[in-house]
Amino acid sequence: MNNGNVLEMNGIEKSFAGVKALSQVDFRVKGGEVHALLGANGAGKSTLMKILSGAYEADGGEIRINGQALQIRSPADAKAAGIHCVYQEVDTSLVPQLSVAENILLDRLASSRGKAWLRWGSLYAEAQKILDQLGLQVSVRQKAGSLTLAEKQLVLIARLLVEEAKFIILDEPTAPLSLEEADRLFLIVDRLKAAGIGIVFISHRLPEVFRVCDAISVMRDGRMITTEPKTNLQPGDVIRAMLGRSFDEEYPKLDASIGDVVLEVKGVAAGHRVRGVDLEVRSGEIVAVVGLVGAGKTELSRLLFGADEAERGRVTVGGKQAKLSGPAAAVASGIVLVPEERRKEGILVGESVLHNLSLPVLRPLSRMGFISGSSERKLADGMIGRLGIKTPSSGQLTGYLSGGNQQKVAIGKWMSTEADVFIFDEPTKGVDVGAKRDIFRIIGELACQGKGILYLTCEFAEALGLADRILVMCDGRIVKQFARGEATQEDLLYYASAGREELA
Ligand SMILES: Nc1ncnc2c1ncn2[C@@H]1O[C@H](COP(=O)(O)OP(=O)(O)OP(=O)(O)O)[C@@H](O)[C@H]1O
Ligand SMILES: [Mg+2]
């Protein structure tokens with residue numbers, strides 16, 4: 001349904017400290033339309049949407065709703081115009097100590113503070129009505145802090161409904177979600193659409209874009225390249241517009257020779273998320289661990305990196321018992337981890353790219369206690385080139401990089417260390433198709449150097465393309481093993497979900 005609302009951005013300009021992020025960008029979204037905003041990492045998608053939602057101010061250009069020019073100088077201005085944004089860090093937008101109902105009706109509560117007529121019963125009833133509309137089954141009395149990430153997103157969307165949003169921006173909402181959770185989000189997107197709300201949808205997963213969107217706009221290097229109804233475009237066209245060249249989405253696998261066992265894990269367990277895991281990784285071998293969200297992969301990776309403490313079990317690296325009393329001890333034992341939650345654990349957002357990239361190798365770079373600035377810079381520049389990290393210089397603060405480029409820094413950081421075992425937890429989350437291939441190439445190169453790779457992912461296609469061996473994890477245990485070429489996506493899904501059905 002189109003209720004006639006039209007949001008236009010015309011000739012938008014934005015620079016950061018003299019570096020151009022947006023030039024002459026036009027963008028238009030209609031009520032009742034799901035409009036995909038696509039582009040490689042650093043193309044300018046989030047920046048454009050931050051201008052729309054009042055987080056940044058544009059240097060030039062205009063914004064109109066239904067033909068009327070709008071001044072958006074703050075998030076409050078944007079909200080008053082009915083424009084809302086769900087950022088990727090949903091955690092920061094909810095108040096964990098408050099109930100779901102309070103979070104949904106937060107604005108109203110804030111404006112009625114101190115008034116006597118606030119009745120809890122009617123508050124819960126009203127919040128419940130909205131959750132029912134969205135088909136979301138969580139208790140309105142539950143604390144927001146205890147929700148899953150997917151539920152938090154949906155609660156945020158419920159709040160936007162209360163605030164009578166006309167346009168909703170979803171910046172990579174599906175990046176942290178499993179496929180099932182994403183499906184649930186899409187049902188809700190359909191309802192928003194039916195209610196006449198215009199939705200801007202940012203994602204790096206092309207299949208879902210083609211499923212849920214009506215129109216597609218593609219940006220490259222701060223410019224709008226194309227806007228078309230979905231039916232006029234094929235995935236190949238979109239990728240060409242994004243990268244400025246054609247690209248085949250095959251994952252080339254390098255041939256590494258597989259040697260002795262480098263990592264041996266026996267009976268590792270902690271709590272109910274990891275219930276006793278045995279596995280081996282050989283030198284030059286890429287072992288994927290696949291499983292649905294919640295299977296225990298991230299928890300396992302944290303145990304193997306010493307970020308959490310195992311209750312039982314033994315880990316050896318090259319035959320020697322690994323000390324896992326903490327990440328520093330794990331690194332000293334030859335294990336490094338590229339974690340899933342890059343902003344929280346993978347990088348220091350308040351430090352420069354240079355510093356982040358050289359942090360783990362400071363010791364080898366420092367001769368007799370002195371760190372040679374030029375070798376540090378050479379190393380960082382090399383890594384920026386190899387990974388295609390988009391940054392004006394290695395001195396840039398990492399927090400200013402686009403989401404996907406921060407992920408590349410998190411990966412690059414460990415690339416030049418002398419570890420024997422590299423653990424990757426969902427490394428391609430939020431990175432564009434071109435960068436994904438770069439990451440796979442680099443993982444392949446590590447294997448060729450004789451490193452052992454443990455690759456944890458819920459993207460079955462990645463495991464099938466990249467791994468020499470695939471382990472399926474379900475409910476805290478490895479339930480099945482496949483050699484390369486033995487399994488299909490369906491097989492993996494079957495074993496990844498079978499255990500869960502048994503439990504239910
Ligand atoms: N606050 C800031 N200070 C300096 N540069 C910034 C800032 N915010 C964004 N940039 C730069 O603007 C460019 C566009 O970044 P943006 O976050 O919009 O990319 P994106 O298309 O959302 O990418 P991704 O897919 O990786 O999220 C990048 O080069 C980024 O480094
Ligand atoms: Mg972004």
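This is a predicted model: local features need pLDDT of at least 70, side-chain atom pairs count only at pLDDT 80 or more; totals for chains, interfaces and linings use all residues.
How many bridges join strand E3 to strand E8, and do the two run parallel or antiparallel?

1. Strand E3 covers residues 34-39 and strand E8 covers residues 198-202; four bridges join them, and they run parallel.

2. Six strands make up an open sheet, and the order to trace across it is E6-E7-E8-E3-E9-E10, with mixed pairing. At the edges sit strand E6 (83-86) and strand E10 (223-229), each of which pairs on one side only. On average, neighbouring strands in this sheet are turned by 20 degrees against each other, direction ignored.

3. Next, the ligand. There are 19 residues around ligand 1, and those that come nearest are Gly-42, Lys-45, Thr-47, Ser-402 and Gly-404. Sorted by class, the shell has seven nonpolar, 10 polar and two charged residues.

4. Which parts of the chain build that shell? Helix H1 (45-52) and helix H16 (403-415) each bring at least two residues to it. H1 gives the most, with three residues. Why does ligand 1 lie between two domains? Both domain 1 (6-243) and domain 3 (348-417) give residues to its shell, so ligand 1 lies between them.

5. A few polar distances are worth checking on screen. A polar side-chain atom of Asn-41 is 2.9 Å from an oxygen atom of ligand 1. The backbone also takes part: a polar backbone atom of Gly-44 lies 2.9 Å from an oxygen atom of the ligand, and for a polar backbone atom of Gly-403 the distance to a ligand oxygen atom is 3.4 Å. How much of the ligand does the protein bury? Taken alone, ligand 1 exposes 640 Å², and the protein buries 90% of that.

6. Strand E11 (residues 261-270) runs antiparallel to E14, and five bridges join the two. Within that pairing, Leu-263 has Val-317 of E14 as its bridge partner.

7. E14 also pairs with strand E15 (residues 320-321), in the antiparallel sense and over two bridges. Val-317 turns up again here, standing opposite Lys-320 in E15. E14 and E15 form a hairpin with two residues between them, and Gly-318 in the turn has a positive phi of about 55 degrees.

8. Last, there is an open sheet of six strands with the order E16-E19-E20-E13-E21-E22 and mixed pairing. Its edge strands are strand E16 (335-338) and strand E22 (477-483), and each pairs on one side only. From one strand to the next, the twist averages 20 degrees. Inside this sheet, strand E19 (residues 421-425) and strand E20 (residues 452-457) run parallel, joined by five bridges. To find the pair quickly, look for Ile-423, which stands opposite Leu-454 in E20.

Conventions. Residues are numbered from 1 along each chain as its sequence is written. Chains are lettered from A and ligands numbered from 1 in the order in which they are written. Side-chain values use heavy atoms; hydrogens and water are left out. A residue is near a molecule or strand if one of its heavy atoms lies within 4 Å of it. A polar contact is a pair of N or O atoms within 3.5 Å; within protein, one must be able to donate a hydrogen and the other to accept it, and residues adjacent in sequence count only if both atoms are side-chain atoms. Accessible areas come from the Shrake-Rupley method with a 1.4 Å probe; for residues, only the protein chains shown count as cover. Ala, Val, Leu, Ile, Met, Phe, Trp, Tyr, Cys and Pro count as nonpolar, Asp, Glu, Lys and Arg as charged, and the others, Gly among them, as polar. Domain bounds come from an automatic or database domain assignment. Two strands pair if DSSP finds at least two bridges between them. Axes are lines fitted to C-alpha atoms, for helices over the stretch in contact, and angles run from 0 to 180 degrees between N-to-C directions.
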